[in-house]
Amino acid sequence: MKGIFFLPLLLLLPLAASAQLVQIQRLGAPNRQFAGLGFGADLGVTTAIQYGRVIPIGGHPILLSAEWAAPVGKRVFDDSRVGLQLSGSLHPGRRWQIPVSLGAGAVFTQNKMARLNSLNLLAGIRPGYYARRWHLAGDIFYNKILAVHLRPSEYYREAYYAEAQDGWYRNAGGQLKLGLSGGLSLGRNDLTLRTGIAATEKGRPNVLPAYAVIGYGRWF
Amino acid sequence: MKQKHFWLIPVLVSTLAASCQKVETLSEPGLLVPKTVTENPALPSVFLNNTLFHAESFGDPTDPVILVLHGGPGADYRSMLPYKALADEGYYVVFWDQRGAGLSERQDKDAMTVDNYLKDLELVVEHYTQSDSQQLILFGHSWGAMYATLYINAHPERVSRAVLCEPAAFTSDELNDFVSKAYKLDFFAEGTNDITWADGALSADDHASLDFKQALAIESVSDHERNSSDNPVPHWRYGAVTSQFLPRSQPSFDWTTRLQEFPGKVLFIDGEWGTVHTLERQKMLATHYPDASVVTVQGAGHDVLYQRFDTCKNLIVNFLN
């Protein structure tokens with residue numbers, strides 16, 4: 001019967017957010033829910049909000065979190081991303097841990113040239129030292145863009161290419177992030193910082209070639 | 001009763017699989033950006049210096065040659081095509097998309113060098129002129145006007161006259177000054193985030209995706225050009241590799257060392273509205289040439305050649321006559 005717990009896990013694998021705003025070593029603590037706020041440079045100057053709760057899967061505490069994020073700019077709702085993420089540790093309860101996260105989300109963006117909506121598969125691993133109140137770890141994150149729906153704007157069709165095809169395109173690339181993650185717990189509050197470099201899956205630097213996100217999360 | 005519908009499962013699975021197979025990748029030619037001359041052999045082309053250029057010409061090949069140099073680097077000559085009307089004025093008008101740009105063949109970044117560009121232009125001149133004595137007029141817009149100056153500085157004796165519309169700089173110092181005024185990085189601007197956020201939805205390293213995003217980047221940070229939004233300047237394709245790697249191939253340059261040897265007249269055309277391509281900048285650049293004049297065209301920005309075609313064409317015809 002234990003195996004039945006892995007069914008929702010498998011179904012949720014394609015759902016994820018990008019950045020965890022709380023400390024993963026909290027999973028065994030009595031507080032089961034958190035709300036978080038993140039701000040920093042991550043595909044733009046971005047604000048993110050998260051909600052998460054610890055759920056038991058196969059007898060292990062797993063963090064299920066949902067995120068909405070958007071960059072700053074004149075138009076607030078033309079660019080955003082959403083996601084759902086499952087996070088857990090391969091060595092729970094120990095100082096040296098290997099937390100992993102898996103899931104997927106969607107990215108929405110509209111600009112002068114096109115409207116793009118993508119489905120993304122995400123995977124992260126943050127091996128490092130996790131003390132009771134703080135952690136310092138490596139941060140490796142892979143964002144695979146499984147498919148993108150691209151609708152060229154009237155401007156693009158008029159000024160560039162009238163025959164541009166709108167529709168779904170598969171394998172629209174991917175991104176790798178490589179950096180460090182640190183965190184500190186103060187009572188029910190967590191502060192986290194993730195920073196590093198960002199590149200395409202083939203190693204070409206992103207337009208914004210680095211990321212740095214500071215997060216605040218409160219457990220309840 | 002439910003068992004009767006089990007046959008639907010393989011049908012649905014097959015339908016889903018079939019529909020997934022129809023989803024294209026962005027690298028398929030012609031879906032996101034137009035096909036280049038290597039992907040569409042019907043396009044007019046010429047093979048020079050180990051690359052296939054998109055090129056066409058109008059008029060009598062024995063007439064004085066006007067060689068049109070588009071902007072960018074990486075853009076194309078689509079917006080300058082109306083100037084084929086100069087053929088009716090007794091000129092042989094030649095258009096070509098520069099190396100890796102527009103509908104010309106894509107090239108690797110290693111081929112994007114200023115030396116290669118100069119060689120390309122030398123061979124284009126050789127290809128489209130009947131003899132060394134045939135009159136040659138260079139007509140460049142923006143980067144194309146800089147490119148024309150590169151050539152004139154190398155071969156001041158070969159060019160008869162030049163029409164230069166809003167070049168940015170002829171030396172690296174001038175270019176650094178221009179860039180510092182034109183592109184102020186604002187992380188909180190909508191345009192900046194439009195460019196960076198697109199990486200989350202489209203991050204492919206294929207040429208079509210890069211070209212598409214290059215056009216997005218250019219369009220998102222060109223407010224200083226004060227181009228008309230009502231009648232946008234037409235392009236075919238922004239060559240991302242050209243745009244990004246050609247400037248890096250020669251970070252320090254001075255294309256003015258022999259300009260004083262140039263015996264011909266030069267006409268600078270300035271659009272009234274430009275905030276960085278200003279009249280003062282054009283006058284400063286004109287001082288590099290011994291015999292140059294600057295004319296401001298009212299009611300247009302950096303896209304003056306396209307938006308004020310009749311005015312500019314008359315200016316050019318009068319200048320050449």
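The entries below go from ring pairs to charges over rings.

I worked on a predicted model, where local features need pLDDT of at least 70, side-chain atom pairs count only at pLDDT 80 or more, and totals for chains, interfaces and linings use all residues. Residues are numbered from 1 along each chain as its sequence is written, chains are lettered from A in the order in which they are written, and side-chain values use heavy atoms, without hydrogens and water.

Entry 1. Rings of Phe, Tyr and Trp (its six-membered ring) pair if their centres lie within 6.5 Å; planes under 30 degrees apart are stacked, over 60 edge-to-face, the rest tilted.

Entry 2. F53(B) and W96(B) are edge-to-face because their planes stand at 80 degrees, with the centres 5.3 Å apart. F53(B) is in strand 3 and W96(B) in strand 5 of chain B, 43 residues apart; strands are DSSP runs of E, at least two residues. F53(B) has 0% relative accessibility and counts as buried, and W96(B) at 1% is buried as well (under 20% relative accessible area, 1.4 Å probe, protein chains only).

Entry 3. I checked F268(B) and Y289(B), an edge-to-face pair at 6.2 Å and 65 degrees. Both F268(B) and Y289(B) are buried.

Entry 4. One aromatic cluster includes F53(B), W96(B), Y117(B) and W143(B).

Entry 5. I looked for charges over rings (NZ of Lys or CZ of Arg within 6 Å of the ring centre and within 35 degrees of the ring normal). R194(A) sits over F141(A) at 5.9 Å from the ring centre, and R248(B) over F245(B) at 4.7 Å.

Methods: Helix = DSSP H or I, 4+ residues; strand = E, 2+ residues; numbered from the N terminus. Buried < 20%, exposed > 50% of the residue type's maximum accessible area, 1.4 Å probe, protein only.
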